[in-house]
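Subject: Handover of a structure and notes on its contents

Dear colleague,

Please find below the structure that I am passing to you, followed by an account of what was found in it. I would be grateful if you could read the two side by side.

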Amino acid sequence: MLYGAFLSTLLFLLPAGALALSSTAPVSDAVSSARAELCTALRGARKLTLSPELCLPDPTDPTAILLRDTEVRKLSGDVRGAKGAAACVSGSLGALASFVDEQATFRGLFPGPVPVVYRPGSDCDFG
């Protein structure tokens, strides 16, 4: 289930030319569907929308390593509960997996999951 959530939420990041490399129709359908969901989420009906940018680095403290998954899931729930339009996530892939997994568990419920945009290569340095 986690792989499917990753695939559906991250495939829209592929450039249009990358779709030509794939010969399977379901991947193209998944990309189109994910792009359409993101566009719909980001288009507000003239209302204020929330699309936070979150940096989830790898923790170095042993206690933080143990608590990371719980805290990331709580943060994900807070974004969903605030009716976020999308969440832009950068940093650790482990934290991203926890974030996406928590969002996927609320598929079909209210409030539903928000699209997750992953920014690879970010070192989370705001200084």
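A nonpolar core is here a set of buried Ala, Val, Leu, Ile, Met, Phe, Trp, Tyr and Cys residues joined through side-chain atoms within 4.5 Å. Buried stands for under 20% relative accessible area, exposed for over 50%, and partly exposed for what lies in between (1.4 Å probe, protein chains only). The model is predicted, with local features requiring pLDDT of at least 70 and side-chain atom pairs counting only at pLDDT 80 or more, while totals for chains, interfaces and linings use all residues. Residues are numbered from 1 along each chain as its sequence is written, and side-chain values use heavy atoms, leaving out hydrogens and water.

The core

The largest nonpolar core holds 13 residues, and A87, V89 and F99 have the most contacts inside it. Two or more residues come from each of β1 (53-56), α3 (62-81), β2 (87-91), α4 and β3 (116-119); helices (H or I, at least four residues) and strands (E, at least two) are DSSP runs numbered from the N terminus. Helix α4 gives the largest share of this core, four residues. In soluble globular proteins, nonpolar side chains tend to be buried together. Beyond its neighbours within four places in sequence, F99 has contacts (heavy atoms within 4.5 Å) with L54, L56, V72, L75, S76, V79, A87, V89 and V116.

Helix α4

Helix α4 covers residues 93-104, and ten of its twelve residues are buried. Its end C-alpha atoms are 16 Å apart, in agreement with the 16 Å that twelve residues should span at 1.5 Å a residue; the expected span is 1.5 Å times one less than the number of residues.

Why does S98 count as buried? The reason is that its relative accessibility is 9%. The side chain of S98 makes a polar contact with that of D69 at 2.3 Å. Such a contact is a pair of N or O atoms within 3.5 Å; within protein, one must be able to donate a hydrogen and the other to accept it, and residues adjacent in sequence count only if both atoms are side-chain atoms.

Loops and rings

P57 is in the loop between β1 and α3 and counts as partly exposed because its relative accessibility is 47%. Leaving aside neighbours within four places in sequence, P57 is in contact with S92 and C124.

Most residues other than glycine have a negative phi, and most peptide bonds are trans. K83, in the loop between α3 and β2, has a positive phi near 60°; K83 is exposed, at 61% relative accessible area. The bond joining F110 and P111 is cis, with omega about -10°, and P111 belongs to the loop between α4 and β3.

R80 lies over the face of F106, 3.6 Å from the ring centre; a charge sits over a ring if NZ of Lys or CZ of Arg is within 6 Å of the ring centre and within 35 degrees of the ring normal.

Yours sincerely
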